[in-house]
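Here is a friendly note to read alongside the structure. Take the points in turn and find each part in the viewer as you go.

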Amino acid sequence: MSLDVRREGEHEFVGRNERGASVRIGRKGAPGAFSPAELLQIAAAGCAAVTAEELITRRTDAPLRVAVSADRREGASELDAVHVLFDVDLSTLPADERDKLVAAVDRAIERLCTVSRTLKKGIPVTEEFAG
């Protein structure tokens with residue numbers, strides 16, 4: 001898989017994959033762009049959503065939204081926690097079915113969500129210069 005990030009202007013970057021998708025990246029607060037920390041959070045929420053989608057949609061046709069937030073100490077250059085919230089109306093399901101669904105989603109994310117698993121594990125990240 002080929003991924004890259006290219007500078008488009010001062011503090012303006014575009015990340016691309018080989019399938020033609022792109023995402024604008026900039027500093028926190030840059031109009032029309034995600035900050036890198038926001039992308040990390042979106043990746044966690046997106047991975048959870050993709051992993052849980054079928055489990056949820058085969059039980060309800062309610063709209064599915066996954067919200068995400070993070071804890072960060074004032075002035076810190078790292079996140080302390082990422083919080084993923086499934087915002088879907090499960091009120092049409094009996095209580096025992098809701099509990100089973102929540103447990104199934106938790107198990108699926110624990111087993112299959114690459115982003116959440118990687119964040120929980122913590123991995124080395126290396127940097128180098130080509131040539």
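1. Let's begin with a pair of cysteines: Cys-47 and Cys-113 form a disulfide, with 2.3 Å between their sulfur atoms. Cys-47 belongs to helix H1 (residues 36-57) and Cys-113 to the loop between H2 and H3, so the pair ties together parts that are 66 residues apart in sequence. If the term is new to you, a disulfide is a covalent bond between the sulfur atoms of two cysteines. The count comes to one disulfide, taking sulfur atoms within 2.5 Å as the rule. Please keep in mind throughout that this is a predicted model.

2. Now look at how H1 meets H3. These two helices pack at an angle of about 125°, and their axes are 7 Å apart. An angle of this kind makes H1 oblique to H3. On the H1 side the contact is made by Leu-40, Ala-43, Ala-44 and Cys-47, and on the H3 side by Thr-114, Val-115, Ser-116 and Leu-119. Notice that Cys-47 has a place in this contact as well as in the disulfide. Sorted by class, the H1 and H3 contact has six nonpolar, two polar and no charged residues.

3. What about H1 and H2? Their axes come within 9 Å and cross at roughly 140°, and the crossing is right-handed. H1 brings Ala-48, Thr-51, Ala-52, Leu-55 and Ile-56 to the contact, while H2 brings Leu-101, Ala-104, Val-105, Ala-108, Ile-109 and Leu-112. By class, this contact has 10 nonpolar, one polar and no charged residues.

4. The axes of helix H2 (residues 95-112) and helix H3 (residues 114-121) come within 6 Å, crossing at roughly 70°. The two helices are therefore roughly perpendicular to each other. H2 passes H3 in a right-handed crossing. Here Ile-109, Glu-110, Arg-111 and Leu-112 of H2 touch Thr-114, Ser-116, Arg-117 and Lys-120 of H3. How do the residues of this contact divide by class? There are two nonpolar, two polar and four charged residues.

5. Next comes the sheet. Its three strands are arranged in the order E1-E2-E3, as an open sheet with antiparallel pairing. Strand E1 (3-9) and strand E3 (22-26) are the edge strands, each pairing on one side only. On average, neighbouring strands of the sheet are turned by 25° against each other, direction ignored. As background, strands of a sheet pair through backbone hydrogen bonds, either parallel or antiparallel.

6. Finally, move across to E2 and E3. Strand E2 (residues 12-17) pairs with E3 in the antiparallel sense over five bridges. Which residue of E3 is the bridge partner of Val-14? That partner is Arg-24, and Gly-15 stands opposite Val-23 in E3. E2 and E3 also form a hairpin, with four residues between them. In its turn, Gly-20 has a positive phi of about 95°.

Notes: Residues numbered from 1 in each chain as written. Predicted model: local features only at pLDDT ≥ 70, side-chain atom pairs only at ≥ 80, totals over all residues. Heavy atoms only, no water. Axes fitted to C-alpha atoms, helices over the stretch in contact; angles between N-to-C directions. Parallel < 35°, antiparallel > 145°, perpendicular 65-115°, else oblique. Left-handed = near helix turned anticlockwise from the far one by under 90°. Contact = heavy atoms within 4.5 Å. Nonpolar A, V, L, I, M, F, W, Y, C, P; charged D, E, K, R; others polar. Pairing = 2+ DSSP bridges.
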